[in-house]
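Please open the model in a viewer and keep the selection panel at hand.

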Amino acid sequence: MSLDVSPKLLAEAERGPVREADFVATVRTSLPYAYDLIADLAHQLRDGTAEFADNHTPPPSEKERGQLLRALASDAIRGSLERHFGVTLAFMNCHRVAVFRPEDRDGATHSRFTSQRSQILNQSPEFRDC
């Protein structure tokens, strides 16, 4: 399972739509490494002048790597985190997450980061088994 859903939130979802804030709170408690990493990158982007902020540090364990992969593999989780932090997420390899300003999605820098060429150039043996 990707998320530890409370019985209350599950009951709400069974009745109809849930509040995004409640969903994001569940993501935060279920996937703390992924949530905190994206939060830190969003703050770096907001506080800096760079076109994007990204992470180059591998997760401390496979548990954290799994959290990151689950967060970014789910459209619902990824979209909610993007809206919550006001960013566009981009993902490469097993841990290189980047945040861009939403208006820069599909711009030159974002397109370069997410290109097939960039993916190939950012491969190395340590990423093969992640």
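Throughout, a residue is called buried under 20% relative accessible area, exposed over 50%, and partly exposed in between, using a 1.4 Å probe and protein chains only. The model is predicted: local features need pLDDT of at least 70, side-chain atom pairs count only at pLDDT 80 or more, and totals for chains, interfaces and linings use all residues. Residues are numbered from 1 along each chain as its sequence is written, and side-chain values use heavy atoms, with hydrogens and water left out.

Select helix α4, residues 62-73; helices (H or I, at least four residues) and strands (E, at least two) are DSSP runs, numbered from the N terminus. Begin with R65, which is buried at a relative accessible area of 11%. Its partner in a salt bridge is E62, at 3.2 Å from N to O; the term denotes a side-chain nitrogen of Lys or Arg within 4 Å of a carboxyl oxygen of Asp or Glu. E62 is exposed, with a relative accessible area of 54%. Because E62 and R65 are three residues apart in helix α4, about one helical turn separates them.

Next, select E64, also found in helix α4.

The contact is made by P32, Y33, A34 and L37 of α3 with E64, Q67, L68 and A71 of α4.

Turn to R96 and D54, whose side chains meet in a salt bridge of 2.7 Å, N to O. This pair links distant parts of the chain, with R96 in strand β3 (residues 96-100) and D54 in strand β1 (residues 52-54), 42 residues apart. Both R96 and D54 are buried.

Finally, select R19 and D22, which form a salt bridge with their closest N and O atoms 3.2 Å apart. R19 is exposed at 54% relative accessible area, whereas D22 is partly exposed at 25%. The structure holds six salt bridges, including those visited here.

Technical notes
Contact = heavy atoms within 4.5 Å.
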